[in-house]
Amino acid sequence: MSFNRKVKKKKVWNVLVFPGGTENGLEINKSLRYSKEVKLFSASNNSQNHAEYIFERHFIIPDIKNNKCLTKLNNLIIRKKIDFLFPSNSLVIDFLIANRKKIKCKVIQPEDNIVKTTRSKKEIYKIFKDKLSIPATYDRKKLKRKNFPVFIKPNSSYGSKGARKISSLNELESLDINFSEYLICEFLPGKEFTIECFSTKTEGVLYCMARSRERVRMGTSMYSKKASEKIQKESKKIAEIIFKDLNISGLWFFQLKINSDNKLSLLEIETRVAGTMALSRSLGINLPLANLYLEIDKPFSFKQQGYEIEIDRSLSNRYKTNIKYNTVYLDLDETIIVKGKINTEIMKFIYQCINEKKKLVLISKSLEKDKIKFLKKFKLENLFNQIIWLKENESKSKYIKDKKSIFIDDSFLERREVEEKCKIHSFDPNMIEVLINDRI
């Protein structure tokens, strides 16, 4: 479906992701980093986080609880000529909405009243109690034994923070919490789903995709897949009901869980990016980019790919080192070509070096009779600034001339000799991830 909107004068839009190091911030980075219209920036407080490993332009500002945060944030916005601020955390959204009129750029969020409504589960349950299935809620003083187990959760928290299953009244009373800030709900035993949506005030719900939350860690779906067609249809109807009342413009999502009557019950609604929105992106639906296009009046369309897909997430490694080099000396066999196939991780590094204008020297004792033909077979013949073919008894260290260089080889003995004689760093192919720079 396409939409006709007036296109403003073409430019590169400076977009600040705040905070950049959350799972949601990382997803915004992945969604926008290759867009020609976007120059990405990141900000976060001084706590250790992942943003500085993936954002080339990352800045430290005080925590939102610090009264200097707003001033420092605005200074950054003005200094870097930020056009849009893309919040990636619910607590940050609360801070930005409270100070929206003071912020020196456009915050990518719906109107304040919509955000404040969705941040309160009590308010959401009140609005939709007669329109949708919602979890039963209990007065703490009127709880009976038959009501257990129950599920308690903060009214305005996010993810699974503070949420837990409670099996008895004694367990509930032992909690050291402010109960006025919590909901006590019926425990829902069934499957849970996240429904990712995009809507505008004029076109209504333009995109709606339900995905299962198969494995959840710290409130984040680590394994997820598209829900069944039945769930998709039911979710779309629920999305339409939510939109009719809230009139949300932009991306949003809500969560459903199957109750004891086998009905989908509404858990919460959020107006931020979800970390596992990567599943929609992988199907060709880039919701953060669409949200930006909506803000700048650029036409866009949604067309979901038809293939089956599921996502499984795990920790990834990124590094910072003090290594400085101008030249890279690389072995060929079992380094670039491993078991008869290209080592794609090292190819990523090779092209990173080309982007950074570093000199690439292939230094190999290959036993192939026609070595150039062998390189051509793998499309490698034009990648290197220099190629050095050695005999089996020759020492690679003798050919390493640039002292500001690194050496990559699968042979421990070759690496040790080069380290000792050339006084440079050496790397086994399994260490290449140390050299990858994902900042953009």
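Start with charge: the chain carries 86 positive and 54 negative side chains. Lys and Arg count as positive, Asp and Glu as negative, and His and the chain ends are not counted. The centres of the two sets lie 5 Å apart. For that value, a charge is placed at NZ of Lys, CZ of Arg, CG of Asp or CD of Glu.

A word on the source: this is a predicted model, where local features need pLDDT of at least 70, side-chain atom pairs count only at pLDDT 80 or more, and totals for chains, interfaces and linings use all residues. Residues are numbered from 1 along each chain as its sequence is written, and side-chain values use heavy atoms, with hydrogens and water left out.

Along the principal axes, the C-alpha atoms fill a box of roughly 85 × 55 × 45 Å. Of the 440 residues, 54% count as buried. Buried means under 20% relative accessible area, exposed over 50%, partly exposed in between, with a 1.4 Å probe and protein chains only.

Contacts next, meaning heavy atoms within 4.5 Å. Take those between residues at least 6 apart in sequence: 66% join residues at least 24 apart.

On to salt bridges. The structure holds 25 of them. The criterion is a side-chain nitrogen of Lys or Arg within 4 Å of a carboxyl oxygen of Asp or Glu.

First example: Arg211 and Glu196, at 2.5 Å from N to O. Arg211 sits in strand β10 (residues 204–212) and Glu196 in strand β9 (residues 192–200), so the pair ties together parts 15 residues apart in sequence. Arg211 is buried at 2% relative accessible area. Glu196 is buried too, at 0%.

Next, Lys396 and Asp331, bridged at 3.0 Å, N to O. This pair links distant parts of the chain, 65 residues apart. Lys396 is in the loop between β20 (386–389) and β21 (405–408), and Asp331 is in the loop between β16 (327–330) and β17 (337–338). Both residues are buried.

Then Glu414 with Lys365, whose closest N and O atoms are 2.9 Å apart. Glu414 belongs to helix α13 (residues 412–422), and Lys365 to the loop between β19 (359–364) and α12 (371–377), so parts 49 residues apart in sequence are tied together. Glu414 is buried at 12% relative accessible area, and Lys365 at 16%.

There is also a network: Arg318, Lys348 and Asp438 are linked by salt bridges.

So what does Lys358 reach with its side chain? The backbone oxygen of Tyr325, at 3.0 Å. Lys358 is buried but has no salt bridge. Its nearest side chain of opposite charge, Glu356, is 4.1 Å away. Lys358 lies in the loop between α11 (344–355) and β19. Beyond neighbours within four places in sequence, it contacts Tyr325, Asn326, Cys353 and Asn385.

Last stop, helix α1 (residues 23–32). Eight of its 10 residues are buried, so the helix is largely enclosed by the rest of the structure. Among the buried ones are Leu26, Glu27 and Ile28. The buried residues of α1 pack against several elements, including β1 (13–18), β2 (38–44) and α10 (287–295).

Methods
Helices (H or I, at least four residues) and strands (E, at least two) are DSSP runs, numbered from the N terminus. A polar contact is a pair of N or O atoms within 3.5 Å; within protein, one must be able to donate a hydrogen and the other to accept it, and residues adjacent in sequence count only if both atoms are side-chain atoms.
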